[in-house]
Amino acid sequence: MSTNENKKALLRVEKLSMYFTTKKRGIKDTVKAVDDVSFEVYKGETFGLVGESGCGKTTTGRAIIRLYDPTGGKVYFDGREITGKLDKEKKKFVTDRIAMIFQDPIASLNPRMTVEEIIGEGLKVHGVKDPAERSKRVREMLLKVGLSPEHATRYPHEFSGGQRQRIGIARALIVGPEMIIADEPISALDVSVQAQVINLLNDLKEEFGLTILFIAHNLSVVKYFSDRIGVMYFGKLVELATSEDLFKNPLHPYTKALLSAIPQPDPISEKKRQKIFYDPESHDYKDGNHPSYHEVKPGHLLYCTESELKEWTKDMKD
Amino acid sequence: MDKPILEVKNLSVSFNAFSGTVRAVRNIDLELYKGETLVIVGESGSGKSVTTKAILGILPKNGRIDSGEIIYQGEDMAKYKEKDFYNIRGKRISLVFQDPLSALNPIMKIGKQITEALILSGKYDKKSAKKRAIELMEAVGIPKPELRYEQYPFQFSGGMRQRIVIAIALASDPEILICDEPTTALDVTIQSKILELINEMKAKNDLSIIFITHDLGVVANMADRICVMYAGKIVEFGTAEDIFYRPAHPYTWALLSSIPDLDTKEKLFSIPGAPPNMLAPPKGDAFAQRNKYALAIDFEEEPPFFKLSDTHYAATWLLHPDAPKVEMPEILAHRIERMKEANGIVD
């Protein structure tokens with residue numbers, strides 16, 4: 001666990017919005033994939049972003065690293081705004097400092113490039129011109145992620161899923177980023193291999209002092225891995241707290257439903273457990289009764305209206 | 001105990017591949033009793049799906065049953081011709097697939113897909129089939145079934161599609177339902193609803209279920225008995241409590257301790273290496289190479305099943321009376337202790 005006493009926000013997301021417009025038979029339709037989302041990620045911590053598919057967690061990650069152009073809002077990294085027009089210098093600033101690990105280890109590696117080319121490409125872009133130097137650093141990085149230097153000349157199809165994800169991690173880390181956005185890095189892997197990748201990410205986080213934005217839908221893993229967790233639902237960040245607090249004090253009904261749905265490897269308590277279901281219609285958000293963010297206690301944010309705030313925080317534990 | 005309604009004896013399945021013969025399932029025995037949920041767990045490639053495909057006679061063209069019997073209703077289905085399956089498949093034994101989108105025909109209305117199954121069962125004509133289909137849709141929790149009846153699969157969400165697939169599987173009032181990773185493609189909240197639905201349908205329709213998954217956590221609340229498969233063999237089987245509270249095979253230990261639960265703080269136990277190549281299954285215990293508890297004999301001779309209790313068996317030499325005593329990984333021992341404490345169990 002990182003100490004958040006000297007909280008220094010490495011990444012600050014302010015009112016980030018990402019809308020997609022579709023045009024079907026001339027009728028325009030807007031999908032608010034991410035709507036007015038704000039959070040901070042402190043230096044050295046792992047921030048988990050959870051929610052079901054389609055809630056906008058991946059879009060948030062992609063908008064931060066500028067794979068998408070956000071519709072609105074601002075993102076600051078290390079005090080500098082990285083939204084807005086991307087000039088060459090700003091682009092370099094973003095790509096130098098933030099790297100991304102993708103969900104699908106098959107689709108995210110170019111099948112026609114060798115491992116050395118895939119991992120070394122980032123170095124090339126970052127101005128390491130000497131091929132011998134590049135090759136040396138690629139091999140060092142392969143060792144760090146638990147592969148061997150002989151793997152450098154092979155192609156992605158020769159590797160298993162877990163090994164491919166290691167290649168993806170090596171590619172992200174070789175440019176020496178301060179922050180990693182890991183978008184469901186383990187959901188495509190087999191159970192026994194998932195643990196390998198989680199342990200690797202944990203070790204590398206220590207070694208390189210990384211800050212990680214961890215996007216996932218498996219809550220047990222997110223709880224295990226993250227210091228703080230943000231819960232997203234339909235483009236909104238509905239609750240944000242430290243992982244301990246979130247699991248002890250889930251306040252938003254969606255968070256409660258999500259937590260109650262986590263499968264637990266215990267047949268006796270599983271059979272007794274009461275599941276909670278979330279009904280998005282239960283909110284009364286009409287006629288000026290607009291929800292907003294409330295800090296229910298230090299570090300615990302909740303998206304609700306005034307009346308809901310009272311109702312939900314009634315029996316909050318410390 | 002009663003006689004099992006489905007019995008698999010010494011089944012072996014192999015595939016002809018370009019590079020040789022893949023021994024996907026090797027000499028497994030299974031019994032399914034009336035009204036129970038039997039869970040088969042294992043990683044990809046462990047042979048769990050192949051086993052159920054062999055039962056239903058839907059192995060791909062390059063696959064074949066090498067040996068063994070599949071006894072159902074007093075007959076050996078392993079010897080069945082394609083024609084013989086017509087009265088079994090989808091009628092007595094139904095299947096729910098992993099991916100609900102590819103299991104449905106994208107250009108056929110949902111209602112038609114359900115009534116198709118009903119009319120094929122021979123018990124319904126067009127009109128009564130529609131009525132029954134709407135009842136089924138209602139039973140699996142589809143709101144506004146009359147409206148949904150006229151819609152296409154793309155107008156349904158993933159969870160709703162899986163509900164439709166379950167409705168189709170139940171249309172002919174089967175005796176056995178085989179669920180092949182039915183919730184893997186779904187979100188946790190939807191997953192728990194679908195699991196609940198399957199449990200509910202099981203109680204209502206008096207089903208026996210074979211449930212395949214790679215995630216032990218998913219099945220804790222459904223399983224009556226669990227088989228753990230690795231590299232085409234069953235390595236341990238027992239009741240859900242046997243497996244979760246008294247696991248005995250190192251592979252089961254590894255599977256259980258590689259997933260974190262909500263109180264896990266320790267470093268996760270990760271299984272080194274990768275599953276063996278089934279073109280040439282290793283000699284001895286297939287898990288030996290990845291097993292830090294492996295004994296010399298594990299590399300030489302396949303372990304037989306050792307009996308732990310009337311319901312619980314495991315195939316590992318560690319249970320041999322002469323074997324050195326080893327403890328399960330600490331992370332797992334701690335969890336089991338926590339579980340016992342939480343549920344007030346004393347040994």
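1. Buried means under 20% relative accessible area, exposed means over 50%, and partly exposed lies in between, with a 1.4 Å probe and protein chains only. By that scale Glu133(A), at 29% relative accessibility, counts as partly exposed. Glu133(A) has its place in helix 4 of chain A; helices (H or I, at least four residues) and strands (E, at least two) are DSSP runs, numbered from the N terminus. Between Glu133(A) and Gly120(A) there are 10.0 Å in space, C-alpha to C-alpha, and the two are 13 residues apart in sequence.

2. On the basis of the values: this is a predicted model, in which local features need pLDDT of at least 70 and side-chain atom pairs count only at pLDDT 80 or more, while totals for chains, interfaces and linings use all residues. Residues are numbered from 1 along each chain as its sequence is written, chains are lettered from A and ligands numbered from 1 in the order in which they are written, and side-chain values use heavy atoms, with hydrogens and water left out.

3. Helix 3 (residues 115-125) and helix 4 (residues 131-144) of chain A cross at roughly 115°, and their axes come within 9 Å. Axes here are lines fitted to C-alpha atoms, for helices over the stretch in contact, and angles run from 0 to 180 degrees between N-to-C directions. Helix 3 of chain A is therefore roughly perpendicular to helix 4 of chain A; angles of 65 to 115 degrees count as roughly perpendicular, under 35 as roughly parallel, over 145 as roughly antiparallel and the rest as oblique. The crossing of these helices of chain A is right-handed, where right-handed means that the near helix is turned clockwise from the far one by less than a right angle, and left-handed anticlockwise.

4. The contact (heavy atoms within 4.5 Å) between these two helices involves, from helix 3 of chain A, Val115(A), Glu116(A), Ile119(A), Gly120(A), Leu123(A) and Lys124(A). From helix 4 of chain A it involves Arg134(A), Ser135(A), Arg137(A), Val138(A), Arg139(A) and Leu142(A). The residues of this contact of helix 3 with helix 4 of chain A comprise five nonpolar, two polar and five charged. Ala, Val, Leu, Ile, Met, Phe, Trp, Tyr, Cys and Pro count as nonpolar, Asp, Glu, Lys and Arg as charged, and the others, Gly among them, as polar.

5. Among the residues making the contact are Ile169(A) and Leu173(A) of helix 5 of chain A, and Leu200(A), Leu204(A) and Phe208(A) of helix 6 of chain A. The contact residues of helix 5 with helix 6 of chain A divide into eight nonpolar, three polar and one charged.

6. Chain B has an open sheet of four strands in the order 2-1-4-5, with antiparallel pairing; two strands pair if DSSP finds at least two bridges between them. Strand 2 (20-32) and strand 5 (75-76) of chain B stand at the edges with a single partner strand each, so one side of each is left without a neighbour in the sheet.

7. Strand 1 (residues 6-17) of chain B is joined to strand 4 (residues 63-72) of chain B by eight bridges, in antiparallel fashion. In this pairing Leu6(B) stands opposite Tyr72(B), and Glu7(B) stands opposite Ile71(B). Strand 1 and strand 2 of chain B pair over nine bridges, also in the antiparallel sense. A hairpin joins them through two residues, and Ser14(B) has Arg23(B) as its bridge partner in strand 2 of chain B.

8. Helix 1 (residues 48-56) of chain B lies across strand 1, strand 2 and strand 4 of chain B, at about 105° to strand 1. Seven of the nine residues of helix 1 of chain B are buried, including Val50(B), Ala54(B), Ile55(B) and Leu56(B). Just after helix 1 of chain B, Gly57(B) takes a positive phi of about 65°.

9. Arg66(A) has a positive phi near 70°, is found in the loop between helix 1 (57-64) and strand 4 (72-77) of chain A, and is buried at a relative accessible area of 12%. Ala231(B) has a positive phi of about 50°, lies in the loop between strand 9 (225-230) and strand 10 (233-239) of chain B, and counts as buried at 5% relative accessibility.
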